[in-house]
Amino acid sequence: MNLNRGIKMLVKRGNDDELTVLIDKMVDDLSSTSSRAIPSIHRVGDNLRSINEKAYDPMTVAIGPIHREKPHLKSMDHQKKKYLKLFLDSMGERSVDIYVREIRGLEERARRCYEEETLVGLGKDDFVLMLLLDGIFILEFFRRYNEDDERKLTNKEKDNDVIFRFGNVKNYVLNDLVLFENQIPFFVLEKLLQLSKTRDKNEVADLFWPLVSKSAQKSLQDCSITNSNNPPPHLLGFVHYVESLQFSPNLYANNEMKNINSAMELNEAGIIFKKREEEGSFLDIKFEKNKIYVPILAIADLTESNWRNLIAYEHYLPCRNQRKYTDYMYFMHCLIHDPRDAKLLRRCGVISTWAGGDEMVYRLMKQMGNNVQPSDMFSYNDVFEGVNRHCMKRKNTWLAVLRRDYFDSPWKVISLVAGFVLLGVGIVQMVFAILSYYPEKHK
């Protein structure tokens, strides 16, 4: 009797402790994942994505696991298989055995680059297959892109390739390859490049140059990506690294909130905007005397997508890293508060747009500045401080008003000179009248 009662109490206690067991397991699971490396490829957070979701979604091809099940991207799977066959044919091989073995050896390392939730349902073989197809697709795409650029791609080859048959498709693919969520680890591409060494020069610069701007292409040849102590995690990281090479801001701690007036207000205070003519990074903005030198910002259809993904990449970097693109966009967001600001910068040659007018540029910069936080070591601290010091001096504002109201056209200058002449004549006449009055009075 007492034994049965004890058993019932024990069972009851066990049932009561189910929550405790559940919480203990939750803590144990958390401990096992706390030592896991921070993933470099994951979804963009809602705070960024909600402003413009389409900027982060691929239009033509899915790379990696996040977008691979989207129906409108499935048609490119056939092209991936065709590129795999072209790759093997060019290497004189009939089997993918060596490539599967090498990628399988990187499988665990590659998995750690992704958030676990993005890999749900993706087994070992499926994951290796994805890395192989996507990696070879990327290499083969750039090889054919270079051949097309050098006019070595025949019309027959173009007709058999859905990407190069139409010029706009290859540009969309190029953009898709630098989306934050649409990546595979860079070391997978490096391994495939090493395995194809007999065909390619195995130089990253020779293959991936179409991803970077013309000014950055010149420095690309001098940089060593593969031997770097901190290699890029993926192609977007590669673009970010190369584009940032030419820009070395003067960094110093400044915890004050960073801000400057709009372009029109600065112009009224005597600040002149000049297009920077020297070669170098388009991030490199300088302030000298009363002039801000800004490299030209060309705005096209895919500009917003490119910038948003680079800013998203910086958003998830450790705080110690410099967020140069974010700082640049914050700078432009400060300058453009109104379509008239965009108009001023366009007339100064700082902004060039093929995608709309001044109103569009204003709306774009307003949206791009949402949820953007500049670096603690702000890249343009020296520019902001120089501009603000200039604006605090009243004489600069007075001189600017004088130039704007009286010296902005030859006719106003002539009118001003004529006014001074008439004033001088009037003063002389008054003096003579006074002098002539006093002698008459003494007589």
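How many of the residues of helix α10 (residues 186–195) are buried? The views below come from a predicted model.

**View A. Helix α10 and the elements that cover it.** Helix α10, which spans residues 186–195, is mostly covered, with 7 of its 10 residues counted as buried. The buried residues are Phe-186, Phe-187, Val-188, Leu-189 and Glu-190, together with Leu-192 and Leu-193. Among the elements that cover these buried residues of α10 are α5 (97–104), α6 (107–111) and α7 (124–149), and also α11 (204–208) and α13 (235–244).

**View B. An open sheet of 3 strands.** The strands of this sheet follow the order β1-β3-β2, and their pairing is mixed. At the edges lie β1 (272–275) and β2 (286–288), each of which pairs on one side only. On average, and with direction ignored, neighbouring strands of the sheet are turned by 25° against each other.

**View C. Strands β2 and β3, with helix α19.** Strand β2 runs antiparallel to strand β3 (residues 291–294), and 3 bridges join the two. Within this pair, Phe-287 stands opposite Ile-292 in β3. Helix α19 (residues 381–392) packs on the sheet, where α19 touches both β2 and β3, and the direction of α19 makes about 35° with that of β2.

**View D. Two cysteines, Cys-334 and Cys-391.** Cys-334 counts as buried because its relative accessibility is 3%, which is under the 20% cut-off. Cys-391, in contrast, has a relative accessibility of 21% and therefore counts as partly exposed. A search of the whole structure finds 0 disulfides.

Terms used:
Residues are numbered from 1 along each chain as its sequence is written. This is a predicted model: local features need pLDDT of at least 70, side-chain atom pairs count only at pLDDT 80 or more; totals for chains, interfaces and linings use all residues. Side-chain values use heavy atoms; hydrogens and water are left out. Two strands pair if DSSP finds at least two bridges between them. Helices (H or I, at least four residues) and strands (E, at least two) are DSSP runs, numbered from the N terminus. Axes are lines fitted to C-alpha atoms, for helices over the stretch in contact, and angles run from 0 to 180 degrees between N-to-C directions. Contact means heavy atoms within 4.5 Å. Buried means under 20% relative accessible area, exposed over 50%, partly exposed in between (1.4 Å probe, protein chains only). A disulfide is a pair of cysteine sulfur atoms within 2.5 Å.
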